[in-house]
Amino acid sequence: MANIRALRFHAKNDVRVEDVTIQACGNDDVRVKIAYCGICGTDVHEYLGGPIFPPQPGQSNPHTGAELPVVMGHEMSGTIVEVGSNISQVKVGQNVAINPSMDDRHHGKERCVTCESGRPNICKNWACYGLSAHGGGFADEIVVRAVSCIPLPKGVSLKVGALAEPLAVASHMIRISGFKKGQDAVILGAGPIGLSLLLLLKSRGARKVIISEVTELRSRQAEKFGADLVVNPLAKSPDGDNFDTWNPVLDAMHGIIVDGADIVFDATGIQSTMDTAMAVVKPGGIVFNVAIHEKPLLINPNSFSFKEVKLMGGICYTNEDFEDVLEDLASGKMAAEDMITSIVPLEKAIQGGFLELIHNRAEHVKILIQPSKSAHQV
Ligand SMILES: [Zn+2]
């Protein structure tokens, strides 16, 4: 059987670009030649401290049967090169984004109550291509269920298509937060998800969006993406007040957002961002956790009781969120491509991708891996 090149997670600090055997394309599957695949913060977490989502050594994922090493990469776009005999909804030659989230449908199971209610992203049988399944996007190709493919509309390039996944995360959070046109929002953190939230909120009619961000590059990017104000949360009080009595984000909001934000998205996930979220949300507003936390936080429940604040969280996306995002991208209203700070061939994915994000984090928003530019093919 022929081989493809793929980047696989073996263990913490041990990911390798190597030859792997190609997978068979089953009756309900499609084979997609990967064009681009973004490196996610999750991938970096796995590299530094995993396996978190991949199977543990000597074990297999209970839903997919995958064992270490697993092919990484879950922010993919590509072109369909083969379809299974049951497939008619997509065809060879079509460019697609891939929703890497797997649920009952992918495992040939009856759909559970959660999936039936339209929330397969929180299915108890959840797994993910590129983390806990056979196949991922840091590879020449992947075999996925046809249901995982969302065709790219006219005007959306394969390069931009690889941004559909991080944008779909943001779109999902906005959707379930109940955001309405004309509302004000504060976003804490301008990483890929924070910037995605900003782009989508502005394109969907937010009145004012304020961003809190520490790094220079991301602050400038937030300004470029239409933030009404970018605040450095480490700014010092002009009067020498300390953080207990003076909050830079709350202070900067005056005159822009009156009485607090309708929704505060925490895309950082540390104690100070949670404290800031509670301080800047309006009475009756929403504090929405988008971040993955490395440790628990202290929250005084009085802070949401006294303001009747709703505390919410969300994870991943559904195909509907991918479709919404691709529609926004096709409209040309969002300069999403500016999020891409580097494109690296697969053979250089570790040095130019993973290590670059670890050592030069402040200089990057999104790095894409481009398998077809790999050394063995050029
Ligand atoms: Zn389910």
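Is C112 buried or exposed? C112 counts as buried, at 12% relative accessibility; buried here means under 20% relative accessible area, exposed over 50% and partly exposed in between, with a 1.4 Å probe and protein chains only. The views below come from a predicted model, in which local features need pLDDT of at least 70, side-chain atom pairs count only at pLDDT 80 or more, and totals for chains, interfaces and linings use all residues. Residues are numbered from 1 along each chain as its sequence is written, and side-chain values use heavy atoms, with hydrogens and water left out.

**View 1. The zinc ion and its donors.** Let us start with the metal. The zinc ion has the protein donors D104 (OD), C112 (SG), C115 (SG) and C123 (SG), which lie 2.0 to 2.3 Å from it. Donors are N, O and S atoms within 2.8 Å of the metal (3.2 Å for Na, K and Ca), and sites may look incomplete, as water is not among the atoms. The angles among the four donor atoms are 100 to 126°, and the site is tetrahedral; for four donors, that label requires all angles to lie between 85 and 135 degrees. Along the sequence, the donor residues follow the spacing D-x7-C-x2-C-x7-C. C115 is buried, with a relative accessible area of 1%.

**View 2. Strand β12 and its two partners.** Here you can follow β12, residues 209-212. Helices (H or I, at least four residues) and strands (E, at least two) are DSSP runs, numbered from the N terminus. V209 and I211 point one way from β12, I210 and S212 point the other way, and all are buried. In a regular strand, side chains alternate between the two faces of the sheet. Strand β11 (residues 185-188) pairs with β12 in the parallel sense over four bridges, where pairing needs at least two bridges found by DSSP. Between β11 and β12 the chain passes through helix α5 (residues 192-203), and this β-α-β crossover is right-handed: with the strands pointing away from the viewer, the path from the first strand over the helix to the second runs clockwise. A185 stands opposite V209 in β12. Strand β13 (residues 229-231) also pairs with β12 in the parallel sense, over three bridges, and I211 faces V230 in β13.

**View 3. S203 in helix α5.** S203 lies in helix α5 and is buried, with a relative accessible area of 16%. Neighbours within four places in sequence aside, S203 is in contact with D328, K333 and M334; contact means heavy atoms within 4.5 Å.

**View 4. Helix α1 and its buried face.** In helix α1 (residues 41-49), the buried residues are D43, V44, E46 and Y47. Seen down the axis of α1, these residues fall within an arc of 155°, so they line one face of the helix; the arc is that of the directions from the helix axis to the C-beta atoms. They pack against β1 (3-11), β2 (14-21), β3 (29-38) and α11 (349-359).

**View 5. An open sheet of three strands.** The strand order is β2-β1-β4, with antiparallel pairing. β2 and β4 (70-71) stand at the edges with a single partner strand each, so one side of each is left without a neighbour in the sheet. Two bridges join β1 to β4, and F9 stands opposite V70 in β4.

Methods. Four donors count as tetrahedral if all angles lie between 85 and 135 degrees; four count as square planar and six as octahedral if opposite donors are over 155 degrees apart and all others between 65 and 115; anything else is irregular.
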